[in-house]
Amino acid sequence: LKKRKHPYGLTPGSSPYPDHLMPTPEACEEVNRLLSELHGEVTPPKEIPAPSMDVAGCGEVPDLLDAILRTLLSASTTATNANKALKGLEEKFGLRTSGTGKGSISWEAVHQADIAAVVESIKKGGLAKIRGGNIKKILATIYDQNCARRDALQRERETGLKADILGAKHETQKQKDTELAKFEETLLTMDHVFEMSTDEAMEEMTKLPGIGVKTASCVILFCMKRPSFAVDTHVWRHCKWLGWVPNNASRDKT
């Protein structure tokens, strides 16, 4: 598969500010203590809930592609507008009836639809042309990538030559066989990302059109159930106020 370089210049495993000593573990623990006193202690759910069709949310659904697209709908808008966009998609394209994404939007129907129909379905959510275009591009990208991924895994099974695809080195043969079986059901899946390291998952997601570091971080936290510190505009401002990053730090570097 052709590897695309993502545009965010991330440096997983090392800080872009190696000489900036904050935040220390003690500083993080103090902020967590203060917030917990105000709002109560927050613990992650043991299981990801079934997809809601009333709340778009920030990726707390079982299917990873569904999580990404829902988070995309929720970015740079109000929760009310995001929920309206989700409802519009449901009314136009219906719901999946099987698989990990059962009960959520039929992204297969969205993939097959004309872009004008997608834009029209989400117009109540705002920024419809931009979001609709990115949704169509993401679905086309995942479909094409999975066609190539399926072919590579089939060649590996037939010839024994290791497939040169991201995440395959972490998978057992049973997991690869499960992935091939999943492709028979739909080519619009990103389940294989669960087998990647967190850094690989972040890099893979941020290559997708319209998906930035914050969106990917939300999906890693709420869908993949891995620790990830999503930085929105408010968190960015507070991190600078606390001295956790230099005052000139960008949001992505934060």
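From the N terminus on, the elements of the protein chain run α-α-α-α-α-α-α-α-α-α. The count is 10 helices and 0 strands, where helices (H or I, at least four residues) and strands (E, at least two) are DSSP runs numbered from the N terminus. This is a predicted model, in which local features need pLDDT of at least 70 and side-chain atom pairs count only at pLDDT 80 or more, while totals for chains, interfaces and linings use all residues. Residues are numbered from 1 along each chain as its sequence is written, and side-chain values use heavy atoms, with hydrogens and water left out.

**Overall form**

- Along the principal axes, the C-alpha atoms fill a box of roughly 50 × 45 × 35 Å.
- Of the 254 residues, 41% count as buried (under 20% relative accessible area, with exposed over 50% and partly exposed in between; 1.4 Å probe, protein chains only).
- Among contacts (heavy atoms within 4.5 Å) with a separation of 6 or more, 60% join residues 24 or more positions apart.

**Cysteines**

- The model has 0 disulfides, a disulfide being a pair of cysteine sulfur atoms within 2.5 Å.
- Cys-218 is in no disulfide, and the nearest cysteine sulfur, that of Cys-58, is 4.9 Å away; Cys-218 is buried at 4% relative accessibility.
- The sulfur of Cys-223 is too far for a bond, because the closest cysteine sulfur, in Cys-218, is 12 Å away.
- Cys-223 is also buried, with a relative accessible area of 3%.

**Backbone exceptions**

- Most residues other than glycine have a negative phi, and most peptide bonds are trans.
- The peptide bond from Met-22 to Pro-23 is cis, with omega near 0°, and Pro-23 is found in the segment before α1 (25-39).
- Leu-127, although not a glycine, has a positive phi of about 50°; Leu-127 lies in the loop between α5 (115-121) and α6 (128-159) and is partly exposed, at 46% relative accessible area.
- Lys-225 has a positive phi near 60°; this residue lies in the loop between α9 (213-222) and α10 (233-241) and is partly exposed, at 42%.
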